[in-house]
Structures are given as C-alpha cells and as structure tokens.
Amino acid sequence: MKTCYLILIAFLALSSSAVSAFDPSPLQDFCVAINETKTGGVFVNGKFCKDPKLVNANDFFYGGLKQGDTSGPLGSAVTPVAVTEIPGLNTLGISLARIDFAPKGLNPPHTHPRGTEILVVLEGTLLVGFVTSNPENKLFTKVLYKGDVFVFPIGLIHFQLNVGNKNAVAISGLSSQNPGVITIANAVFKSNPPISDEVLAKAFQVDNKIIDAIQKNL
C-alpha cells in the first residue's frame, strides 16, 4: 500500500511538471519584465519582475504596429509583439505578431516550439497550411480570405503564402509570451556552426553541390 501511495505521489508530481512545461498561470496580477535586478526584482519564468510600485501604463503598451518591410527575397515581414516588446506580457502566456506580405510573398515553413498560433486575415488572400508529425506527415491546407481564421497547433511546421496579386496582412495570436520561432531552412542550412554537407546530402538524398548551392543562396 505504501509503495502504491509513493507511486501515486510521483505520478502527480510528474503530471504537475508536464502541465507547467509551458507558460504557467500567474500567481499575481502582473509581473512586468525587467532586464536587470538593481531594483530587487524576482526571477519568474525567464524574466525578472519589476517592483509593482514602479509599474506604469507604458509597461503594457506598444505603439504603432506598422507595416513591415516586404522588399526582401521572401516578400514577407513579421513584426512580433511579445514580452520583449511589451514587458507587461511576462507570465501572461500570450503574444501576437503582424505579418505583411507582398504579392506572392511567403512566410516560409517554420515552427513555434512554445506556442499554438491563431491567425486572422485582415487583407488579401493567403494559402496556409501545417504538417503533422511523423510518421503521417499529413498536410492540412486552406485558402483564407479577409476575415478568415486558422489555427496552427503548437510545434508543427506551418507556412503562409500570399496567393493574391495585392498586398496581404494578417495578425497572429500566440499562446506564449515568448513562443519562439524556428525557420526550417535557416535551422538546417544556416546553423552555426554549419551542419556538415555529408549529413545534409544524405538526409535529403542529393549531391553535396546542391547543399552548397542552397547554403550559398540563403
């Protein structure tokens, strides 16, 4: 009986750890993030908390979520509004991003390791999609129009492509104050230090020269 009780306690402890693996529920009204501890801050979930007596409205504000520069080769720009931009988001478990697209612009395949994403199209027409994990690797895609909403589950590779002939704009909400982003092409072909050509050539079943060409283009 005692052994069963200990196993139950261990299981509950592990379950609790799993539940809090992502942004935990806050234990206070707010915990405005600061980057230094001279004011006697407390370290909570990656950031130090500002003394509540020193908090003001600007700690919860971000001014001018403007159009991003889409003149790059991908024709898209992501403007994040996370805990770095709004310190008051610390421990609140949410953030957002504005995504601008030139005609045919692409927000390339990427993942958010710490957050589910919900996207709403403000202007334009987007082809969006995500791929499930191994072994199915099933692709879910949908063409979205102004006012449409789509969800990308946490950690899954996803993308957005402007299939219209005009600029497009979308807003994404994310279920983390700092969801992170891993752009697949950059992670694979632009790592520091680089992954060896031998590994990449074998993984993609191509010649080393093709790997070199991709790395050069990126």
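Helices α3 (residues 197-204) and α4 (residues 208-217) have axes that come within 9 Å and cross at roughly 105 degrees; the two helices are therefore roughly perpendicular to each other, a class that covers 65 to 115 degrees. Axes are lines fitted to C-alpha atoms over the stretch in contact, and angles run from 0 to 180 degrees between N-to-C directions. Helices are DSSP runs of H or I with at least four residues, and strands are runs of E with at least two.

This is a predicted model, in which local features need pLDDT of at least 70 and side-chain atom pairs count only at pLDDT 80 or more, while totals for chains, interfaces and linings use all residues. Residues are numbered from 1 along each chain, and side-chain values use heavy atoms, without hydrogens and water.

Contact means heavy atoms within 4.5 Å.

| Helix | Residues in the α3 and α4 contact |
|---|---|
| α3 | Asp197, Leu200, Ala201 |
| α4 | Asn208, Ile211, Asp212, Gln215 |

By class, this contact has 3 nonpolar, 2 polar and 2 charged residues.

The largest pocket holds about 580 Å³ of space. A pocket is an open set of points on a 1 Å grid where a 1.4 Å probe fits, with protein on both sides within 12 Å along at least five of seven lines; lining residues have an atom within 4 Å of a point. Its lining of 30 residues divides into 14 nonpolar, 14 polar and 2 charged. Strand β5 supplies the largest share, 4 residues.

In an unreviewed entry, UniProt places the feature "binding site" at Asn107, His112 and Glu117. The lining of the largest pocket takes in Asn107, His112 and Glu117. Asn107 lies in strand β6.

Technical notes: Points joined across faces, edges and corners; volume = space filled by probe spheres on them. Nonpolar A, V, L, I, M, F, W, Y, C, P; charged D, E, K, R; others polar. Parallel < 35°, antiparallel > 145°, perpendicular 65-115°, else oblique. UniProt positions renumbered as here; feature names shortened; annotations may be inferred.
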